[in-house]
Structures are given as structure tokens and as C-alpha cells.
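Okay, thanks everyone for coming. I've got one structure to walk you through today, so let me put it up on the screen.

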Amino acid sequence: MRRVLGAMAVSASMLLVPVSGTAAAAPPPHTIVTDGGKLAGIRHAIRSGHATTAQRDALKVVLAKANTALTAGPWSVMDKPSAPPSGDKHDYTSQAPYWWASQPKTPENPQGCPYVSKDGQRNPEADAITDHTYRMWAWDAMYYLSLAWYYTGDAKYAKRAALDIRTWFLDPATRMNPNMTHSQIVPCRNTVSGTGIIDSTQSFSQLMDAFALLDGGAPGWTGKDRSGIKAWLTQYLDWMQTSPQAKLELAATNNHGTFLDMQNATISAYLGHRDAARKIVLDTEKTRFPVQFAADGSQPLELSRTMSWHYVNFNLTAWGRLAEVGKNLGVDVWKYRAPNGVTLRKVVDQLIPGALHGAAAWPHQQIGVFDQSIAADIFHAAAEEAHDSAAAAALKQMPLPAGGDTWPVRVSCFPLDPPLK
């Protein structure tokens, strides 16, 4: 039975982890996005009984998700009902969510061609292909299970994370091929497009931290697993930099380009190509700041969308993660100032009225739910890394994520994939 990661009660006793002083004082993990020193400090606080209330509450949420993941899945691209145009079910496949049939579906025109774009309006037809949903569930499970193992030392979390990773990426019978050629297909069209790569880039970087945590001696995660995932990532990175789809996506000026740059930097860093990763971060600052951010800190390309509140936050999630990986590479993205004077902190502060007061304080189109809480992670990042007192103050007043604010134990910007129920 496939299940999305959801809430589950976690008792106080589940947070009490008897660990030796040696284990508690272990060196920081070599995480790619998250500051390993921060994670090590949080783990020591948890295991020594000195965690803050916020950390204890956040850990309860993380463990609830990890406990659900112990019996959910494992997931595979082979589970989808039909093969993509390549004929190979190992190829990840999804349908472009905002495209709709423009004509009645008839025997002569069974798909209702041509399809037309309705920005921000999700076509439920897209959910018939399960890869998009299973990818979201599987990658979240891998991350939360790895984090749960790191904090608790309980082998069951690491072993389940390893099983999920092997099933999705490594097992010859169930693995995903290292490409996104058939992501976000538009029915009735045969043109090459790069936009579907966002299915990967919006959340793939969290897996680099999951792999890095498991690499620190996790039970059930073997040398064969480590070498296998690095071989898979090497092929994936090559596709993400050289394929026709990737070249189109790298040329995208909005959030699509930001996310691909960020993803490629994280993969490069995990593979040990630190100089290449650092260059990606530096180049992204110089090329994307002037295009994406106006002098006043607004994001014109994202504000033009029908879901503008979602997309300005979505793009800043990519920037927040890019800044985090940059920090581990010796690049301070928060200090970068574009020729027009704009800084990442100034862009973040543009969101404060919307986060505090909702749609009433957001003079741009936002169809659907106006979720103020999605700005929480980038506010946390700005407060901690840029010493942004305005963002820190907003965090104390704005609505926080309904499931609980897990930043105190994640300390990194998390993907904005919508939860599916």
C-alpha cells in the first residue's frame, strides 16, 4: 500500500536516545546543502538532553514522518500504469500539470488536441501517471529517514532509507534511468522542452544530504550502495548539463533556471567536484540576480504568474538552498550585491507583508490558497545567515507550517512540493 508521509504520534520516550559520549561527539557530517556543524550541534543537544523546546518539537515531527515512512513504499518508476514514449518504464514520466485539452474528446480526437496552457490550474489528468507523486513521497521518505537515523542512531531508519534508495535508484528491476527526458510531457506535442526538469530540481538536492548522512556509517548503507549512487549521479549530472532539455532549462530566466543551477551545484559538490560546484554558484549570482531581481527587491518574472505568492517563495527556496550549498563551498550568496544594488536579503524582505497579513497585503494575483507559512524557511535562513532582524521578527508573528516548524532540526530551506493526500 502506497502512503504519503503524514502525521503520527511520537511519545517523549521516543526522543530519548541512549548514546555513548563518543558517538555524541562524532565529527560533523559532510552534508552538501545543510551546515554539518549545525546538525552536529543539534544532535549533541538532543542526545545530551539539552535540546531547546523548538528542537524537541521539530524532532517529534521529523520522527513522525520517518515512522510513517517505515511502512510506506518502497516506490518505483516501474509502478506507473503505462510506458513513456521511449517504451521503457524505467524512464521517469509525468504530464505537464497546467495543460488542458482544448477540444471535446471524441473517437476521432481521443485526446482532445490541441492542449493549451492554463497557468496555475492543475489538470487532474496529470495524476494518472504515478511517477510524479511517488517521486515526491519517495524522496521525502529518504530524507526524513536519514535525518531520523542521524539524530536517534536507530538502525531501522537507516536500513529503510537504504531500501528506498536502492529501489528507486539502484536495483536493476526497479531503478529510474538517470534522465528526465519524458518529464512533464504535453499531450499531442512532440517538441523538446526543458520545463519538466523542475520535477527533479525542486527537491532532488535534499537527497544529497540524505546520502551524505548515510555515508557517515549508517547500518545497511554499504560501500556498494555508495559507489552505485555516485555512478548514477555522474550520469544524471551529465544529462542535466548536456541534454537538449537541460540546455533549454539552463537558459530559462525564471525559477526553472535557478533550480537547475542549484541542483547541479549540489550534485557536483557531493561527487567531490567542489571547484565546479563553486563556479556554478558564482556564475548563478552574476547571471541571474540582474534578470530575476529588480532594484526594489521584487521578482517580476514570478510576479507575472497567476500564483505569484507561491512562485516568489518557490524561487527563493532555490536561492536559499543555493546560498546554503555556497556557504559550504566558501561563497556567501547573502552578501552578493547586484549592479542594481539588490541583495538576497532585500528580496526576502519583500515577502514580509504577505507573510504577516496574507492576500490583503499582497497586491498581485494568487489564485487558490494564500499560504502565508511557505515563507517561513527563507525567513529562518535570512535571520540566521544574513542577520535579518525584520525576517526574524516576522517569524514570531506569522502563521507557521500547519504540520509543525521543523527548521530547528533541518536548518535548511525545504522544497515547496504540495502535500498530496
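Predicted model: local features only at pLDDT ≥ 70, side-chain atom pairs only at ≥ 80, totals over all residues.

Let's start with helix H13. It runs over residues 308-328, which gives it 21 residues. From its first C-alpha to its last it reaches 31 Å, close to the 30 Å expected at 1.5 Å a residue. Is H13 largely enclosed by the rest of the structure, or largely open? Well, what do we count: 19 of its 21 residues are buried, so H13 is largely enclosed by the rest of the structure.

Okay, cysteines. How many disulfides does the structure hold? The count is 1. The partners are cysteine 113 and cysteine 188, with their sulfur atoms 1.9 Å apart. For those of you who like handedness, the link of cysteine 113 and cysteine 188 is left-handed, with -80° about the S-S bond. So where do the two ends sit? Cysteine 113 is in the loop between strand E2 (99-101) and strand E3 (115-117), while cysteine 188 is in the loop between strand E4 (182-185) and H6, so the pair ties together parts that are 75 residues apart in sequence. Cysteine 113 is partly exposed, at 23% relative accessible area, and cysteine 188 also counts as partly exposed, at 35%. Cysteine 413, on the other hand, is buried, with a relative accessible area of 1%.

Now for the empty spaces. The idea is that rolling a probe the size of a water molecule over the atoms shows where empty space is left. Searching the whole structure turns up 1 cavity of 30 Å³ or more, and the volume of this largest cavity is about 80 Å³. The residues that line the largest cavity include Lys38, Glu324, Lys327, His380, Glu384, Glu385 and Trp407. Two elements give two or more residues to that lining, H13 and helix H16 (376-385). Which of them gives the most? That's H16, with 4 residues. If you sort the lining of the largest cavity by class, you get 4 nonpolar, 2 polar and 6 charged residues.

Then there's the second largest pocket, with about 280 Å³ of space. Its lining has 15 residues, and Pro29, His30, Ala212, Asp215 and Gly216 lie nearest its centre. Helix H4 (131-152) and helix H7 (205-214) are the elements that give two or more residues to the lining of this pocket. By class, the pocket lining has 10 nonpolar, 2 polar and 3 charged residues.

Last bit, two single residues. Threonine 201 is in helix H6 (residues 198-201). Is threonine 201 buried or exposed? With a relative accessible area of 0%, it falls under the 20% cut-off, so threonine 201 is buried. Leaving aside neighbours within four places in sequence, threonine 201 is in contact with Phe259, Leu260, Met262 and Gln263.

Serine 82 sits in the loop between helix H3 (53-69) and strand E1 (93-95). At 46% relative accessibility, serine 82 counts as partly exposed. From serine 82 to glycine 404 it's 322 residues in sequence and 37 Å in space, C-alpha to C-alpha.

That's what I had, so over to you.

Key. Residues numbered from 1 in each chain as written. Heavy atoms only, no water. Expected span 1.5 Å × (residues − 1). Buried < 20%, exposed > 50% of the residue type's maximum accessible area, 1.4 Å probe, protein only. 1 Å grid on protein atoms, 1.4 Å probe; cavity = no way out; pocket = protein on both sides within 12 Å on 5 of 7 lines; lining within 4 Å. Points joined across faces, edges and corners; volume = space filled by probe spheres on them. Nonpolar A, V, L, I, M, F, W, Y, C, P; charged D, E, K, R; others polar. Contact = heavy atoms within 4.5 Å. Disulfide = S-S within 2.5 Å.
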